[in-house]
Amino acid sequence: MKMGLLGNLFGGKGKIEIGAPVKGELIPISQVSDSTFAEEMLGKGVAVIPQEGKFYAPADGTLESLFPTGHAYSVSTEDGAEILVHIGFETVKLKGEHFTIHAEQGQKVKKGDLLVEVDLEAVKAAGYDVTTPMIILNSDSFSAFDKKTGSVNAMDVALVLTKA
């Protein structure tokens with residue numbers, strides 16, 4: 001969501017709402033089992049313990065990367081946020097098994113576009129944690145992060161970013 005000209009003239013800071021990429025339970029990123037994400041080495045964010053296997057674009061923008069395995073994708077928004085969604089931990093080792101891709105790298109996406117479907121039960125049965133970090137890769141571009149927690153439907157607000 002962009003601030004209009006009047007908001008910028010009168011000192012309003014631009015706020016960007018980022019939706020949950022999947023239905024589930026939002027938890028603080030510090031609670032995930034992978035230290036790269038938990039310690040915010042890649043950027044600030046949240047994580048979702050998914051309850052459904054449909055993963056969506058969390059905001060309008062361009063699908064900058066979409067791994068051929070389907071386990072991760074990133075969206076660059078028109079407002080300048082670079083969002084990484086990483087479905088589970090070590091799931092790249094599945095080589096795309098149990099993942100169905102519904103998009104193409106480089107395409108324009110709208111918030112709520114279905115990008116990847118995952119058979120969560122099969123991934124869990126294969127021994128993988130399906131907890132899904134959603135990271136703002138360019139966290140330094142923002143002065144504040146309002147992180148939500150609790151039950152969410154896909155596209156419910158998960159993060160509100162304030163431009164630096």
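**View 1. His71 sits in the loop between strand S5 (61-66) and strand S6 (72-77).** The model shown here is predicted. His71 has a relative accessible area of 4%. Buried means under 20%, so His71 counts as buried. Look at what surrounds His71. Leaving aside neighbours within four places in sequence, His71 is in contact with Val85, His86, Ile87, Thr91, Val92 and Phe99. The side chain of His71 also makes a polar contact with the side chain of Thr69, at 2.5 Å. Now find Val116. His71 and Val116 are 45 residues apart in sequence. In space, their C-alpha atoms are 8.4 Å apart.

**View 2. Lys95 lies in the loop between strand S7 (82-86) and strand S8 (99-101).** Lys95 is not a glycine, yet its phi is positive, at about 55°. Is Lys95 buried or exposed? Its relative accessibility is 74%. The cut-off for exposed is over 50%, so Lys95 counts as exposed.

**View 3. His98 is found in the loop between S7 and S8.** His98 has a positive phi too, of about 80°, although His98 is not a glycine. Its relative accessible area is 26%. That value falls between the cut-offs of 20% and 50%, so His98 is partly exposed.

**View 4. Eight strands form an open sheet.** In what order do the strands lie? Trace them across the sheet: S9-S5-S6-S7-S11-S3-S2-S13. The pairing is antiparallel. The edge strands are S9 (108-109) and S13 (150-152). Each edge strand pairs on one side only.

**View 5. S7 pairs with strand S11 (residues 132-136) inside this order of strands.** The two strands run antiparallel. Three bridges join them. Pick out Ile83 here: Ile136 in S11 stands opposite.

**View 6. Strand S2 (residues 24-28) pairs with strand S3 (residues 44-50).** How many bridges link S2 and S3? The answer is five, in the antiparallel sense. Leu26 stands opposite Val48 in S3.

**View 7. S2 is also joined to S13.** These two strands run antiparallel, with three bridges between them. Which residue in S13 is the bridge partner of Glu25? The partner is Ser151. S13 is an edge strand, so look for pairing on one side only.

Notes: Residues numbered from 1 in each chain as written. Predicted model: local features only at pLDDT ≥ 70, side-chain atom pairs only at ≥ 80, totals over all residues. Heavy atoms only, no water. Helix = DSSP H or I, 4+ residues; strand = E, 2+ residues; numbered from the N terminus. Buried < 20%, exposed > 50% of the residue type's maximum accessible area, 1.4 Å probe, protein only. Contact = heavy atoms within 4.5 Å. Polar contact = N/O pair within 3.5 Å; in protein donor to acceptor, adjacent residues only side chain to side chain.
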